[in-house]
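Me: I would like to go through this structure step by step. Could you help me read it?

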Amino acid sequence: MKQPDLHSTFIRLIKQHERIIYKVCYLYADTEANRQDLYQEVIIQVWKGYQKFRGDAKFSTWLYQVAINTAIAGFRKEKKSPVVFDDNAIRPDMSDTGPGETETAQLEQLYAAINRLNDIEKALVMLYLDGNSYEEMENVMGIPNGALRVKMTRIKEKLRQLTKNNQHGIRPI
Amino acid sequence: MELDQFRDMWAKSATQPSAINYNITELIYRDAKGPLAMLEKKFKATLYIFPFVMILFSGTFISNGVNQSVITWLLFSILFIEFLFALFNYITVKQIQQPTGNVKDNLLKRAFLLQQRNHNYLHLYVGLYVLMAALLELSVYFDFDTSHNWWGHIAPLLRATIIIVFLIAQYIVKRHSQKKMYGQYIDKLNELIGQME
């Protein structure tokens, strides 16, 4: 493919799938500045990799891989003070969809709970909520299907506990 | 709260960071700023030093050919090995930076390459210092270079002790410096791999 074609195809694909990148930035960066840095880093890495992308896998699967790999292993967050524990660090914006207050509050609670998961669990929840099948999740994460199902059951239970504790104002250690 | 109930809401939620309004066309031509990209730049800069070393040594090699002092050969060999190692580092860090492949394999690859690199670094430098010590001993024994005679006047047992202490100290210092530079990152990678089990 010629460079201008490659370029325009790339931009079109990114625009189509930009929600994946935004979600990754939201889950893995805790401040607005870090989110912007991570967004830039992901785009740069995706472009570098795209020039060698052969289309063996779905573009979305490949994009998840690059974005998650960049976020968890190739990007250094600014050091947080150990005493800072901000549940609102991840706050969804639903202004464009106009949901009710209850839905927004519930979603905020979910994001706050997800924020307490480890990096791998965050990725699994994102893939799951984005509607990916276990096969697709396996392709992205490299965790066998059976182990994924077990992990997801545990994560669901963990989130249930975390949101329950949040509702009662208990902060799990 | 059940996770499955949130799929629709999650799909609708817009998580676009408010201030992000980048021109992707412009973005893709920027340099990466991640810690590994910084490391790549550092190793690349080291590669550019070697041509200057060659220029520095060319005068003595042109005038004296291969009849150089042991020290000159040793210095040149060390700098040449440093250059080869910088090249190896540069290639390794480029490989580590590849963000493609599934997450688990990518983490395993990064951890393996970095640990292997640190391992090689330690062995290479300890090997170089052993070579230096051996050359110094040979130089004294065969009287290659009179400037090393002072070393020959020291008792053999004391010389051996000095060499061993020096080698151990170098090993500890190098290992500590590697741990300080890459230890945290390797620990993070291993922790992530552990989270996948």
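This is a predicted model: local features need pLDDT of at least 70, side-chain atom pairs count only at pLDDT 80 or more; totals for chains, interfaces and linings use all residues.

Me: Good. Which residues of H5(A) meet H6(A)?

Reply: From H5(A), the residues are A:Ala123, A:Leu124 and A:Leu127, and they meet A:Met137, A:Val140 and A:Met141 of H6(A). The residues of this contact comprise six nonpolar, no polar and no charged.

Me: And at what angle do these two helices pack?

Reply: Helix H5 (residues 119-129) and helix H6 (residues 134-141) of chain A pack at about 145°, and their axes are 10 Å apart. The crossing of H5(A) and H6(A) is right-handed.

Me: Let us step back. What domains does chain A have?

Reply: The domain assignment gives domain 1 (1-75) and domain 2 (100-173) for chain A. Taken over C-alpha atoms, the centres of domain 1 and domain 2 of chain A are separated by 22 Å.

Me: How many residues does each domain give to the contact?

Reply: Domain 1 of chain A gives eight residues and domain 2 of chain A gives nine residues. On the side of domain 1 that touches domain 2, the elements giving two or more residues are helix H1 (3-28) and helix H3 (59-73) of chain A. H3(A) gives the most to that side, with five residues.

Me: What classes of residue are on that side of domain 1 of chain A?

Reply: The side of domain 1 of chain A that touches domain 2 of chain A has five nonpolar, two polar and one charged residues.

Me: Now the core. Which residues touch the most other members of the largest nonpolar core?

Reply: They are A:Val24, A:Cys25, A:Ala67, A:Ile68 and A:Leu124, in a core of 62 residues. H1(A) gives the most to this core, with 10 residues.

Me: Why does this core lie between the two domains of chain A?

Reply: The core lies between them because domain 1 (1-75) and domain 2 (100-173) of chain A both give residues to it. As general background, nonpolar side chains tend to be buried together in soluble globular proteins.

Me: Last topic: how many residues does the contact take from chain B and from chain A?

Reply: It takes 39 residues from chain B and 53 residues from chain A. On the chain B side, several helices give two or more residues, including H3 (35-64) and H7 (156-196) of chain B. H5(B) gives the most to that side, with six residues.

Me: And the classes on the chain B side?

Reply: The side of chain B that touches chain A has 21 nonpolar, 11 polar and seven charged residues.

Key:
Residues are numbered from 1 along each chain as its sequence is written. Chains are lettered from A and ligands numbered from 1 in the order in which they are written. Axes are lines fitted to C-alpha atoms, for helices over the stretch in contact, and angles run from 0 to 180 degrees between N-to-C directions. Helices (H or I, at least four residues) and strands (E, at least two) are DSSP runs, numbered from the N terminus. A crossing is left-handed if the near helix is turned anticlockwise from the far one by less than a right angle, and right-handed if clockwise. Two residues are in contact if their C-beta atoms, placed from the backbone, lie within 7 Å. Ala, Val, Leu, Ile, Met, Phe, Trp, Tyr, Cys and Pro count as nonpolar, Asp, Glu, Lys and Arg as charged, and the others, Gly among them, as polar. Domain bounds come from an automatic or database domain assignment. A nonpolar core is a set of buried Ala, Val, Leu, Ile, Met, Phe, Trp, Tyr and Cys residues joined through C-beta atoms within 7 Å. A residue is buried if 20 or more other C-beta atoms lie within 10 Å of its own, exposed if 12 or fewer, and partly exposed in between; C-beta atoms are placed from the backbone.
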